[in-house]
Amino acid sequence: MAFPLQPLSPLQKLAHQVLSICAHSASCERLFSTFGTILTKLRSHLSLQNMVNLAELRLHLCDEYMCKMETHEHLKRK
């Protein structure tokens with residue numbers, strides 16, 4: 001329990017961040033799936049930063065593809 005005038009302890013801050021994560025959201029599941037496809041036997045020695053960069057790139061490319069498909073479908077209907 002925190003009092004209004006006292007700052008949170010590091011453990012309280014960590015608990016607040018960890019417990020506020022929604023593990024059942026689609027974006028989290030999509031990210032874990034992406035990490036699963038990136039982290040293979042051939043890529044098991046990637047650094048954490050390189051793995052994060054690859055995951056962000058993959059998700060960005062998927063988002064761009066979906067945006068273009070929605071635009072294409074929207075134009076196609078007219």
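Author: Start with patches. Patches are made of residues with over 30% relative accessible area and no salt bridge; like charges are joined within 9 Å, and nonpolar side chains (Val, Leu, Ile, Met, Phe, Trp, Tyr) within 5 Å. A salt bridge is a side-chain nitrogen of Lys or Arg within 4 Å of a carboxyl oxygen of Asp or Glu. Accessible areas come from the Shrake-Rupley method with a 1.4 Å probe; for residues, only the protein chains shown count as cover. Here, Leu 11, Leu 14, Val 18 and Leu 19 make a nonpolar surface patch of about 450 Å².

Author: Two notes on the source. This is a predicted model: local features need pLDDT of at least 70, side-chain atom pairs count only at pLDDT 80 or more, and totals for chains, interfaces and linings use all residues. Residues are numbered from 1 along each chain as its sequence is written, and side-chain values use heavy atoms, with hydrogens and water left out.

Reader: How many helices and strands are there in the chain?

Author: Helices (H or I, at least four residues) and strands (E, at least two) are DSSP runs, numbered from the N terminus. This chain has 3 helices and 0 strands. Its pattern along the sequence is α-α-α. Leu 19 sits in H1, residues 10-19.

Reader: Does Leu 19 count as buried or exposed?

Author: Buried means under 20% relative accessible area, exposed over 50%, partly exposed in between (1.4 Å probe, protein chains only). Leu 19 counts as exposed because its relative accessibility is 72%. Of the chain's 78 residues, 6% count as buried. The chain exposes about 7300 Å², with 65% supplied by carbon and sulfur atoms.

Reader: Which residues of H2 are buried?

Author: They are Thr 34, Phe 35 and Ile 38. Down the axis of H2, they fall within an arc of 100°, so they line one face of the helix. The arc is that of the directions from the helix axis to the C-beta atoms. Thr 34 counts as buried because its relative accessibility is 5%.

Reader: What does Thr 34 touch, not counting residues up to four places away in sequence?

Author: Contact means heavy atoms within 4.5 Å. Thr 34 touches Ala 55, Arg 58 and Leu 59. Leu 59 belongs to H3, residues 48-77. Leu 59 and Thr 34 are 25 residues apart in sequence, and their C-alpha atoms are 8.0 Å apart.
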